[in-house]
There are 2 protein chains.
Amino acid sequence: MNEVVKQLMEHRSIRKFEDKSLDEDTVKILVEAAQQASTSSFVQAYSIIGVTDPEIKQALRAISTQDYVEHNGHLFVFIADFKRHHIIAERAEVSIDDYFGATESFIVGTVDASLAAQNMAVAAESMGLGICYIGSLRNNMAEVIELLGLPDYTYPLFGMVVGYPAQTGSRKARLPFEHVYHENRYETGAEYLQQIAAYDEEIADYYRERTDGRRSDKWSSQVTDMLSRKTRTDVDGIVKTQGFLQQ
Amino acid sequence: MNEVVKQLMEHRSIRKFEDKSLDEDTVKILVEAAQQASTSSFVQAYSIIGVTDPEIKQALRAISTQDYVEHNGHLFVFIADFKRHHIIAERAEVSIDDYFGATESFIVGTVDASLAAQNMAVAAESMGLGICYIGSLRNNMAEVIELLGLPDYTYPLFGMVVGYPAQTGSRKARLPFEHVYHENRYETGAEYLQQIAAYDEEIADYYRERTDGRRSDKWSSQVTDMLSRKTRTDVDGIVKTQGFLQQ
């Protein structure tokens with residue numbers, strides 16, 4: 001296993017940072033590393049907002065409810081973005097509404113922004129920095145749009161905090177390889193269920209060890225707890241207002 | 001710039017591979033590196049299908065129209081996947097339909113699969129392998145679902161071919177840093193348009209150099225050409241049939 005693969009295997013989210021901002025050069029390297037990720041048909045359908053204004057950070061923290069959204073080395077927000085494509089199309093007097101309003105372009109923007117973000121995560125960790133994704137910005141997407149002045153044809157996907165780690169974080173085991181990886185055809189037989197059961201025990205052990213036995217959640221119960229809650233139901237209306245998902 | 005960042009900066013898609021399959025250990029390392037990527041609230045809402053059956057590869061190549069979908073070291077297909085969560089919820093007699101049918105969970109599955117895929121891309125390149133994303137599997141998503149036996153609550157996002165490079169590939173410049181990265185607020189002023197114009201010239205030069213002047217497309221005209229075509233309009237209906245986007 002080479003050094004890069006080792007680094008990927010050692011990934012853990014960091015939620016507590018030293019009180020030290022990233023310098024401009026570091027921010028630039030991170031963004032440029034993000035930009036080198038693959039992009040669907042070269043459309044580059046994303047933008048990145050770096051949030052340094054303390055008031056905006058505070059407001060985003062309130063949306064996320066996570067302290068580290070305010071206290072970090074740098075806060076990036078990843079935006080699925082077809083604004084520039086609309087400007088170009090308008091100038092050329094060409095309509096791209098059929099394409100853009102389709103579910104396909106919603107996928108393209110979401111994927112492009114995600115690939116860029118993961119490149120940034122890898123770059124940051126290679127520089128000794130820690131990262132955490134902030135999906136909880138979608139708790140109130142409308143306010144994020146307002147705070148960051150996002151135009152139509154864009155939507156805020158998630159944030160990422162980057163900074164000098166003030167904790168080590170812990171690595172949580174993933175679902176078994178055999179459960180996630182299928183050869184040729186997706187199989188949901190007896191083994192598939194056994195794999196979940198085995199994984200449940202592994203995750204319960206993880207919590208037991210870390211909490212001196214006070215906590216022993218299974219992954220399955222976390223899944224049902226989380227997914228049975230009706231959350232972020234406004235996301236649909238907001239991405240539609242921004243121009244996406246018109247089909 | 002450290003070695004990892006250098007590697008990210010040097011990324012290029014590879015579309016021609018030696019006739020040599022990845023061995024099982026390599027496939028396993030790639031999938032496990034993918035699995036270590038961040039995942040929204042730890043839901044791990046994706047699966048990966050490795051396609052080795054020559055008939056299925058041929059059929060997927062026909063969908064994609066790209067020769068390298070058939071000829072590569074290994075073909076992975078990334079699936080946004082809430083099947084396991086539905087099985088778990090059913091067993092626990094809990095309904096997750098409100099969550100699952102919402103646009104939010106469509107985003108979560110799409111993002112989870114994308115972050116995993118980009119980790120795989122980085123791992124592969126660190127091992128001297130080349131990669132190319134295959135978005136064109138979405139040319140006929142229904143057939144991909146059929147070929148890979150994908151159950152409801154899943155959808156095929158994209159493929160990735162990995163293999164021993166038989167070409168060097170070329171690195172295409174991305175949009176200017178200043179165009180993609182905004183501080184605190186998204187700005188679309190005069191500079192925003194100038195940045196596109198400058199980038200258009202850069203891309204035109206890139207093609208001129210590579211084709212002895214026969215080609216000199218601007219990025220803007222590629223964008224309008226591509227996005228004015230009405231393509232993959234069936235994606236919406238298919239993801240809905242699979243159970244997504246019920247709002």
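The largest cavity has a volume of about 60 Å³. The model you have open is predicted. A search of the whole structure turns up two cavities of 30 Å³ or more. Visit them in turn.

**Stop 1: the largest cavity**

Begin in chain A. Select Leu8(A), His11(A), Gln118(A), Ala121(A), Val122(A), Glu125(A), Ile131(A) and Tyr133(A), which belong to the lining of the largest cavity.

Next, show the secondary structure of chain A. Which helix and which strand of chain A each supply at least two residues of the lining? They are helix H6 (103-126) and strand S3 (130-134). H6(A) gives the largest share, four residues.

Colour the lining of the largest cavity by class. You will find six nonpolar, four polar and one charged residues.

**Stop 2: the second largest cavity**

Move on to the second largest cavity, with a volume of about 50 Å³. From chain A, select Gln36(A), Ala37(A), Ser38(A) and Asn119(A), which are part of its lining. Then turn to chain B.

Which helix gives the most to the lining here? Highlight helix H6 of chain B, residues 103-126: this helix contributes four residues, the most to the lining of the second largest cavity.

Finish by colouring this lining by class too. The second largest cavity has five nonpolar, five polar and one charged residues in its lining.

Technical notes:
Residues are numbered from 1 along each chain as its sequence is written. Chains are lettered from A and ligands numbered from 1 in the order in which they are written. This is a predicted model: local features need pLDDT of at least 70, side-chain atom pairs count only at pLDDT 80 or more; totals for chains, interfaces and linings use all residues. Side-chain values use heavy atoms; hydrogens and water are left out. On a 1 Å grid over the protein atoms alone, a cavity is a set of points where a 1.4 Å probe fits but cannot get out, and a pocket is an open set with protein on both sides within 12 Å along at least five of seven lines; lining residues have an atom within 4 Å of a point. Grid points are joined across faces, edges and corners, and a volume is the space filled by probe spheres set on the points. Ala, Val, Leu, Ile, Met, Phe, Trp, Tyr, Cys and Pro count as nonpolar, Asp, Glu, Lys and Arg as charged, and the others, Gly among them, as polar.
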